[in-house]
Amino acid sequence: MDVKSQVLRLLEENRGQYFSGNRIAKELYVSRNSVWKAVRSLRKDGHRIEAATNKGYCLLEEDAILSKESIEKYLTGDGRSLQIHVRGKVTSTNTVLKQMAEEGAPEGAVIAADRQSMGKGRSGRQFYSPSDTGIYFSILLRPKMTAEESLFITTAAAVATSEGIEKATGIKTGIKWVNDVFCRGKKICGILTEASVDFETGGLTYAVLGIGINVTDPVGGFPKEIRDVAGSLYGTDPCDGSARSRIVGEVLSIFMGYYRHLAKKTFMKTYRERSIVIGRMVEASGTTGSLPVKALDIDDDGALIVETKEGEKIRMNAGEIRIRPFEGSF
Ligand code: BTN
């Protein structure tokens, strides 16, 4: 690890407190001059580091720059094995990581970015990914399981995202089947898993799980095409500088805990508890059009059980649902 990264790690661990240049130099076994150079370079990168005579250096609470060091601070348990890579702007964290997967990157490689120019959503849609206000990250998995079993990666990720957000910020969110995370009636997170299948074994060569979370509203608000559906965790309220890193660290750590024992589906109970659709009237759409139904339950295979106006119960394995603006009944 280079001096710059070590200095940032120390300052990050003591965010908001002064740390003398002398003490940093001693702890890292480097000269004070190297510490000073590292601080200068970190400031050039935009880090908010204050220097005060006789006190030393302090990474300010409002420093909101996403870094490997700031995310690693919040990794716990199974999350500690992850290798975090942070980028400023990328096309799509999923696309970058898929390329890395093809080149042999190991399971647990993570790309987190401040901004995406071509963020990908489900069904070929785009995922709006402006800078500073959201967080976009992908994790490379090489699951030793069938493609069918690995479908639960996304379900586990939805639960981990909802739980991780709550742990990091105290904000409560719900899950809209299949795997969107909602807060105050708006979508604040989308999840997209892309996989490469090994046709000989029927298993996966790899899967790239991508999660995008809107932390605050973008400057000027969301584009008008998505304004009615998209929201953010804090809205127009400010959040503290480390919020994005804390969210990523907590979500990844919780997810990795579920992923290790994916087949046990321990997350399904919480998935149901956090569902915002069970018991509600929804518009279900599939290949044959759309119809109003009542969402009754979600089974252990992740299928949504719905009831039609005629009282027929249907198990939805795929398709999309929309919560009706004026729910009423049939
Ligand atoms: C959706 O709701 O349609 C899924 C959106 C998934 C967005 C995330 S952001 C990180 C990762 N990189 C992408 O290009 N997409 C996913």
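On a 1 Å grid over the protein atoms alone, a cavity is a set of points where a 1.4 Å probe fits but cannot get out, while a pocket is an open set with protein on both sides within 12 Å along at least five of seven lines; lining residues have an atom within 4 Å of a point. This is a predicted model, in which local features need pLDDT of at least 70 and side-chain atom pairs count only at pLDDT 80 or more, while totals for chains, interfaces and linings use all residues. Residues are numbered from 1 along each chain as its sequence is written, and side-chain values use heavy atoms, with hydrogens and water left out.

**Exercise 1.** Find the residues that line the largest cavity, and sort them by class.

*Solution.* Start with the search of the whole structure, which finds one cavity of 30 Å³ or more. The space in the largest cavity is about 30 Å³, where a volume is the space filled by probe spheres set on the grid points, and points are joined across faces, edges and corners. Next, pick out the lining: Tyr 128, Pro 130, Thr 133, Gly 134, Tyr 136, Asn 214, Thr 216, Pro 218 and Phe 222. Now sort them, counting Ala, Val, Leu, Ile, Met, Phe, Trp, Tyr, Cys and Pro as nonpolar, Asp, Glu, Lys and Arg as charged, and the others, Gly among them, as polar.

**Exercise 2.** Describe the largest pocket and say which element gives the largest share of its lining.

*Solution.* The largest pocket holds about 1200 Å³ of space. Its lining has 48 residues, and those nearest the centre are Arg 125, Asp 180, Lys 187, Val 229 and Ala 230. Helices (H or I, at least four residues) and strands (E, at least two) are DSSP runs numbered from the N terminus. Among the elements giving two or more residues to this lining are α5 (93-102), β5 (134-141) and β8 (186-197). Strand β8 has the largest share, with five residues. By class, the pocket lining splits into 19 nonpolar, 17 polar and 12 charged residues.

**Exercise 3.** Work out how α6 and α7 are oriented and where they touch.

*Solution.* Helix α6 (residues 152-169) then packs on helix α7 (residues 243-260) at about 140°, the axes being 7 Å apart. That angle makes α6 oblique to α7, because under 35 degrees counts as roughly parallel, over 145 as roughly antiparallel, 65 to 115 as roughly perpendicular and the rest as oblique. For contacts (heavy atoms within 4.5 Å), look at α6 residues including Ile 153, Ala 157 and Lys 167, and α7 residues including Arg 246, Ile 254 and Tyr 258. The contact of α6 with α7 comprises 12 nonpolar, three polar and four charged residues.

**Exercise 4.** How are α1 and α3 oriented to each other, and which residues meet?

*Solution.* The axes of α1 (residues 3-13) and α3 (residues 32-44) come within 9 Å and cross at roughly 80°. Helix α1 is therefore roughly perpendicular to α3. Val 3, Lys 4, Val 7 and Leu 8 of α1 meet Ser 34, Ala 38, Val 39, Ser 41 and Leu 42 of α3.

**Exercise 5.** Locate the cis peptide bond.

*Solution.* Check omega: a cis peptide bond joins Trp 177 and Val 178, with omega about 10°. Val 178 sits in the loop between β6 and β7.

How values were computed:
Axes are lines fitted to C-alpha atoms, for helices over the stretch in contact, and angles run from 0 to 180 degrees between N-to-C directions.
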